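Please walk me through this structure one feature at a time. I would like the general idea first and then the case at hand.

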Amino acid sequence: MSASGLLEVRDLVKHFPIRRGLFARPSGSVRAVDGVSLRVAPGETLALVGESGSGKTTTGRCILRLLEPTSGAVRFGGVDLLGLSPRDMRRMRRQIQVIFQDPYASLNPRMRVGTIVREPLEIHRIGAGRKERDAMVARLLERVGLDPAAMRRFPHEFSGGQRQRIGVARALALRPRLIVADEPVSALDVSVQAQVINLLIDLQEEFGIAYLFIAHDLAVVERIADRVAVMYLGRIAEEAPVEAIFKNPLHPYTKALLQAIPVPDPDRARTREVLRGDLPSPADPPPGCRFQTRCPVAIEVCRRVDPPLVEVAPGRRVACHLVPGPGG
Amino acid sequence: MTRLLEVEDLSTHFVTDEGIVRAVEHVSFHVDQGETLGLVGESGCGKSVTALSLVRLVPPPGRIVSGRIVYKGADLMRLEERDIRRYRGREIALVFQEPMTALNPVFTVGYQIAEGLIVHGMMKKKEALREAARLMELVRIPDALRRLRDYPHQMSGGMRQRVLIAMALACRPSLLVADEPTTALDVTLQAEVLDLLRRLKDDLGLSLILISHNLGVIAETADRVAVMYAGRIVEEAPVRDLFATPKHPYTAGLLKSIPRLGEGGEGAGRRKRRLSAIEGNVPDLLRLPPGCAFHPRCPEVMPECRVDEPRFLGAPEGRRAVACFKHHDPGGRPR
C-alpha cells in the first residue's frame, strides 16, 4: 500500500448531542464516530463496511464536511480540510465528489438530466460557455452508458439503475481524485447492481479515481475494494487488504459478519453460528471492548479494557485482546 | 406429501389512468404440507401482489381478475368476504417486510400479538396476553413477560421483526407467507431471523412461502423455488436443481450477476473482477414488450420470442417447469 495517502483521516470523532425537550441542555451524546483513523491512496478503493449504526455513513459525511466533526483531522492531498473556509472547501470539492445511496432522492426532480450533470461544471467554471459544456455532458452520459438524448429528460423517466448512472456522471464531471460512494448499489435490483459495479471498476481504471466505498454488502465489497475497514459502533474493528479480510479474518466481529452472509448455494450447510443480540446503543456503548456484549469468545479483560487498534502485520490492524500482536 | 395450497392461473391487475398494470399474470404454483416455497424476483415482478392475492387483500385499484386459490380443498376465490376472514391470519398468516411500519405505534406489542386470538374469538384477553408472552419466548425475545407492555418504538428493528413473526404465529396458521422478512435488517440479524423461521417451521410443522429478492436467502431457506419476472413465473424447480442448472436465461443471468464471497480473485495486483451483468433494465409493466417479456434483455433471444409469449410448461423430467422457447416450441412441444 502506498505510504503517500491521498486522504488521511486521524482520530475522527463525531458526537451528536442528545437533547430532551425544547431548549433542554444536552443530556448525553450519541458517539456515532469515536476515533477513526484511515488512509486512502491515489487510485485505490478503501471499503468502509459495517451494519447500521456502525458510523460508516457519518464518517463519510465528516470527510466531505457535510457534517462538521467534533474533533480529529482530515487531510486531502496534504491540505487540512477542516481548517478550510467554506469558500476554499467548495473549491476543494472539485476533487472530492460523492455518490449517494438513493438515486430517487439525490437527483432534483425538477431539473433536466442535462442541467443536473452540467451544474458542477458551471459552478466550477469548467468549459467555455453552454455549448462546450453541453458537449462535455453528452460525453459524460455516454461514458456512463446512457444515451446523450437523456439530457433533455427528467429523472423520473429513468429506472433506478439509470438514475444511479446519472449520479455517477455528475460525480465524474469534475474529474475528481476521490469519490465517496455511500452504498451506491444497495437500492438497486440485483441484475442492475452488477452493471453499476462494473461501471465503477471501469471508471477507476480509466481515470485513476480513488474510492471510499461505504457498504454493508461484503460480497460487493470483495469485488471492488483493495482494502477493507470493518466498523463497529463508531470504531474500526479491523482493517486489512481485501484478500486477507475474506480469507483470514482476525476480529471475531469480522468473522461473524462473514458467516452471517447467506450463500447462494443450496448445498452449503444451512446451519451456522449466529450472533445473538442487537447492536448496543451508540449513546451508551458498553465498557471495555465495544463488541464484548455479542462476542462469542470474550474473556474477562474484554469487559474492562477497550482494546486499541494495533498493527498486527504490515497493512493489518485489529482491535482485539485475543489477536496477538506482531511477534506473538 | 399433502397438498396445502394450489394456485391456478392467478391474474391480478391494477387499472390506472395510464393503463392496465398486469402485476400478476397467469401464475400457477402449489405448496405442500411442511415445505418452503421460495418466490424470487426483482422489484415490480409481482411477488408481493401474489402474496396479497392469496388472502384477497389486494389494495384497490388492484383486482384479482381470474384464477383459483385452493387451500385445504376450499376455493378461496368463491368465499364471501366474511368467510375469507376465517382464513386470514388463522390459516394463512402474512409477515411483512417493514418492521418499522407494520406495527401500530399506539398499542403495546403484547396486545398486538394477542389481538388475532381475541378477534378470532379463540381466547379472552387475559388468556391471550399470556399466550402472547409464550409466543414472544418462542421467537426468542428475551425477558418476554416484561416486554409485553413495550410499545414498538421501544424495540430495535430485529425485535420488531420478531414481534411480527409472533403475531403471525398467534393463531397457529398452517401457512406462513413471509414477504422479504429480513430485507430491512442487518446481516447478523438477518441470519438470526432466518434461523428462527427455519426452526419454527420444523417445530410447528408449518408450510412457508418465503418471498425475497436475495438469492442467498432463498438458497438457504427454500425447498422449491419459483422465479418471477414481469408478473409471471418463468421457472420453477427444486432449489438444488435451480441453482445447479437454471433453465430460463433470466434465472441463469440472475445467478451469474450476484457477487459471491470467495470469487473476487486473489493475489497481489489482482485486477478487480467485473461481474457478469444482465443488460438493460427491469421492464415497466405498463410498457411490456410483445412476446416474451424478457426478450429485450435475453442473450439467447430467438425470432419467435419477439412475437409469441412462451407458456409455462413442465419439463419432460418432471418436477421442473419453465416458460421459454429454448425448451419448448410455440406449439408447446418440447425441444
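**Reading the model**

A: In β2(B), B:Leu5 has B:Val31 as its bridge partner. Helices (H or I, at least four residues) and strands (E, at least two) are DSSP runs, numbered from the N terminus. This is a predicted model, in which local features need pLDDT of at least 70 and side-chain atom pairs count only at pLDDT 80 or more, while totals for chains, interfaces and linings use all residues. Residues are numbered from 1 along each chain as its sequence is written, and chains are lettered from A and ligands numbered from 1 in the order in which they are written.

Q: How many bridges join β1 of chain B to β2(B), and in which direction do the two run?

A: Strands of a sheet pair through backbone hydrogen bonds, either parallel or antiparallel. Here strand β1 (residues 3–16) of chain B is joined to β2(B) by ten bridges, and the two run antiparallel. Two strands count as paired if DSSP finds at least two bridges between them.

Q: What is the order of the strands in the open sheet of chain B?

A: The order is β2-β1-β4-β5 (chain B), four strands with antiparallel pairing. At the edges are β2 (19–32) and β5 (74–75) of chain B, each of which pairs on one side only. Helix α1(B) packs on this sheet and touches β1, β2 and β4 of chain B, its direction making about 65° with that of β2(B). Residues are in contact if their C-beta atoms, placed from the backbone, lie within 7 Å.

Q: Which strands stand at the edges of the open sheet in chain A?

A: The open sheet of chain A has four strands in the order β2-β1-β4-β5, paired antiparallel. Its edges are β2 (26–40) and β5 (79–80) of chain A; each has a single partner strand, so one side of each is left without a neighbour in the sheet. Strand β4 (residues 71–76) of chain A is joined to β5(A) by two bridges, and these strands run antiparallel. A:Phe76 stands opposite A:Val79 in β5(A). Helix α1 (residues 56–63) of chain A lies across β1 (7–19), β2 and β4 of chain A and runs at about 115° to β1(A).

Q: At what angle do α3 and α5 of chain A pack?

A: Two packed helices are described by the angle between their axes and the distance between the axes. Helix α3 (residues 113–123) and helix α5 (residues 160–172) of chain A pack at about 25°, with their axes 7 Å apart. Axes are lines fitted to C-alpha atoms, for helices over the stretch in contact, and angles run from 0 to 180 degrees between N-to-C directions. α3(A) and α5(A) are therefore roughly parallel to each other (angles under 35 degrees count as roughly parallel, over 145 as roughly antiparallel, 65 to 115 as roughly perpendicular and the rest as oblique).

Q: Which residues of α3(A) and α5(A) meet?

A: From α3(A) come A:Val113, A:Ile116, A:Val117 and A:Pro120, which meet A:Ile166, A:Ala169 and A:Arg170 in α5(A). By class, this contact has six nonpolar, no polar and one charged residues. Ala, Val, Leu, Ile, Met, Phe, Trp, Tyr, Cys and Pro count as nonpolar, Asp, Glu, Lys and Arg as charged, and the others, Gly among them, as polar.

Q: How far apart are the axes of α6(B) and α7(B)?

A: The axes of helix α6 (residues 157–169) of chain B and α7(B) are 10 Å apart, and the helices pack at about 15°. That makes α6(B) roughly parallel to α7(B). In their contact, B:Gly158, B:Gln161, B:Ile165 and B:Leu169 in α6(B) meet B:Leu189, B:Glu192, B:Val193, B:Leu196 and B:Leu200 in α7(B). The classes are six nonpolar, two polar and one charged residues.

Q: Where is B:Arg172, and what is its phi?

A: Most residues other than glycine have a negative phi, and most peptide bonds are trans. B:Arg172 has a positive phi of about 50° although it is not a glycine, and it lies in the loop between α6 and β7 (175–179) of chain B. A cis peptide bond joins B:Pro60 and B:Pro61, with omega about 5°. B:Pro61 is in the loop between α1 (47–54) and β4 (62–71) of chain B.

Q: How many residues of chain B are in contact with chain A?

A: In chain B, 41 residues are in contact with 39 residues of chain A. α7(B) gives the most to the side of chain B that touches chain A, with seven residues.

Conventions
Contact = placed C-beta atoms within 7 Å.
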